[in-house]
Amino acid sequence: MILKLFGKLVRNWKAKLVSLIIASIFYVNLQNSKVLIKTINVPVDYPKLSGNLSYSKNPEKTIPVRVEGLKDVVNYYSQFMKAVIDPEDVQLGVTEVPIKKIVGVPSGVKVTKLKKTVPVEIESRGLKVVPLEVTFEGAPPANFEKLTQIVSPPKVTLSGKPQDLEKFTKVLLPEISLTDKKEPFAKTVRIPDLPKGINVLGSRDVTVNVNIIPLSYKTGEQTAAGIPIVCSGLDGKLDAELSEEQVAIRYFSLKPIRSAQILTGITAQVPCNYIFDPIKNKIIPELQPQVAKVRIIKNKDLKGIEILQISPEKIEIRYKVKEQNPEADPTDDGTGMEVPGAIPSDRS
C-alpha cells in the first residue's frame with residue numbers, strides 16, 4: 001500500500017518539480033507586486049515652550065523618510081505618521097535637535113529616517129504688564145457730562161523681546177464716541193495690532209464702562225450708579241478679581257447736590273486681606289472666594305447725606321499670585337511707544 005502510494009508520488013516527478021518551481025515564482029512575483037517602497041514627508045511635532053521662550057523662526061514643518069511595506073498599508077498609514085522631538089533636547093539658542101522617533105507606524109512597515117536632525121532656534125521673550133487707556137471722541141449733549149470710566153481688564157500682559165518691551169508704558173484703545181450719550185453705557189473694544197514681535201497674552205477684548213450724568217442739582221432721595229469698588233489692603237504679591245467692579249447707592253440729602261459730587265466724593269471699598277505666604281508658597285487663607293461687605297466712604301463735603309442702600313451689599317473676591325515682571329514697573333512714566341490717540345485716564 002505504501003509502496004503503491006510512493007510510486008504515484010514519484011511518477012512524473014520531473015514535471016511536478018517544474019510545476020512547483022513555476023508556481024513559486026508566480027507567488028513571489030505576486031507578493032512583490034504588493035510591496036511599496038517610497039519617500040514621504042512626515043510632519044514634525046514640536047514641543048510647546050514655556051511662557052518666556054518662543055521659536056524665533058518657523059522651524060521645518062516636515063522631514064523626509066523612506067517607508068517600506070505592503071502597498072495598501074503604507075498608503076493608508078502614511079497620513080498618521082509624524083516625527084517626535086524630545087522637549088529636553090530643545091535648548092535656548094540655535095541647535096540641531098535630533099528626531100527621536102517616528103510614531104504612527106503600523107506593524108510590518110519599515111521606516112528609515114533620511115534626516116536625523118532639524119535646526120531649531122529658541123529665543124527668550126520677556127513679559128511686561130502695562131495699563132490700558134481709553135480714548136474718546138465727541139462730547140455728550142448739553143447739560144450732560146462724562147464723569148468716569150472703568151476699563152476691564154485695566155492692564156494687559158505683553159510678550160516680546162526685552163529691548164522692544166522697554167518702549168511700552170501703556171497701550172491705547174480705539175476711540176469711543178460720546179456723541180448723543182445721555183446715560184451710562186458699556187462698550188467692548190479690541191486691543192489694536194501692536195508692532196511686529198509684540199504679542200498680547202490672553203484675550204484682546206476689553207470692556208469700557210462709561211458713566212454719563214446730568215448736570216443738575218437735586219434734593220431728597222436719589223440714586224447714583226457706577227461707583228468703582230476699590231480693593232483695600234491688597235497684598236502686593238497678589239492680584240484680586242472682584243465679582244462686581246461697581247456699586248449703585250440710594251441716598252438722601254436735604255441740600256441740593258450734584259450727581260458728580262456723589263460720584264467723585266464717595267468711595268466704595270472692600271477689604272482684601274488675604275496674604276501670600278512665601279514659605280508655604282500658597283495663599284492664606286486657602287478658602288476662596290472671599291465674601292466681603294462693601295463699605296461706603298464719604299468725603300467731608302458729603303457728611304450730610306444719608307446712605308439708604310448699597311447694591312450689591314456684598315461681593316466675592318478671588319485671589320491669585322501676581323505674575324512676576326522683572327523687566328520694568330508698568331506704571332513707569334518714562335517715554336513709551338503708544339498706539340496714537342491717547343489721553344490720560346479720567347478715573348476720578
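Predicted model: local features only at pLDDT ≥ 70, side-chain atom pairs only at ≥ 80, totals over all residues.
Strand S9, residues 126-137, joins S12, residues 171-177, through five bridges, and the two strands run parallel. S9 also has a partner in strand S11, residues 155-160, and here six bridges link strands that run antiparallel. Within S11, Lys 155 is the residue that stands opposite Pro 131. S9 is mostly covered, with nine of its twelve residues buried.

What surrounds Ile 191? This residue lies in the loop between strand S13 (185-190) and strand S14 (199-201). Leaving aside residues up to four places away in sequence, Ile 191 touches Leu 132, Val 156, Val 171, Leu 173, Val 200, Ser 203, Arg 204 and Val 206. The relative accessible area of Ile 191 is 4%, and the residue therefore counts as buried, since the cut-off for that class is under 20%. One of its contacts, Arg 204, is 13 residues away in sequence, yet the C-alpha atoms of Ile 191 and Arg 204 are 5.2 Å apart in space.

In S19, the covered face carries Ile 266, Ala 268 and Val 270, while Thr 267, Gln 269 and Pro 271 make up the uncovered one. S19 pairs with strand S23, residues 295-298, in the antiparallel sense over four bridges. Ile 266, on the covered face of S19, has Lys 298 as its bridge partner in S23.

Turning to empty space, rolling a probe the size of a water molecule over the atoms shows where such space is left. The second largest pocket holds about 210 Å³. Strand S15 (205-214), strand S16 (217-232) and helix H5 (259-265) are the elements that give two or more residues to its lining. Altogether 17 residues line this pocket, and those nearest its centre are Ile 213, Pro 214, Thr 223, Ala 224 and Ser 259. S16 provides the largest share of the lining, with six residues. Which classes of residue make up the lining of the second largest pocket? Nine of the lining residues are nonpolar, four are polar and four are charged.

How values were computed. Residues numbered from 1 in each chain as written. Heavy atoms only, no water. Buried < 20%, exposed > 50% of the residue type's maximum accessible area, 1.4 Å probe, protein only. Contact = heavy atoms within 4.5 Å. 1 Å grid on protein atoms, 1.4 Å probe; cavity = no way out; pocket = protein on both sides within 12 Å on 5 of 7 lines; lining within 4 Å. Points joined across faces, edges and corners; volume = space filled by probe spheres on them. Nonpolar A, V, L, I, M, F, W, Y, C, P; charged D, E, K, R; others polar. Pairing = 2+ DSSP bridges.
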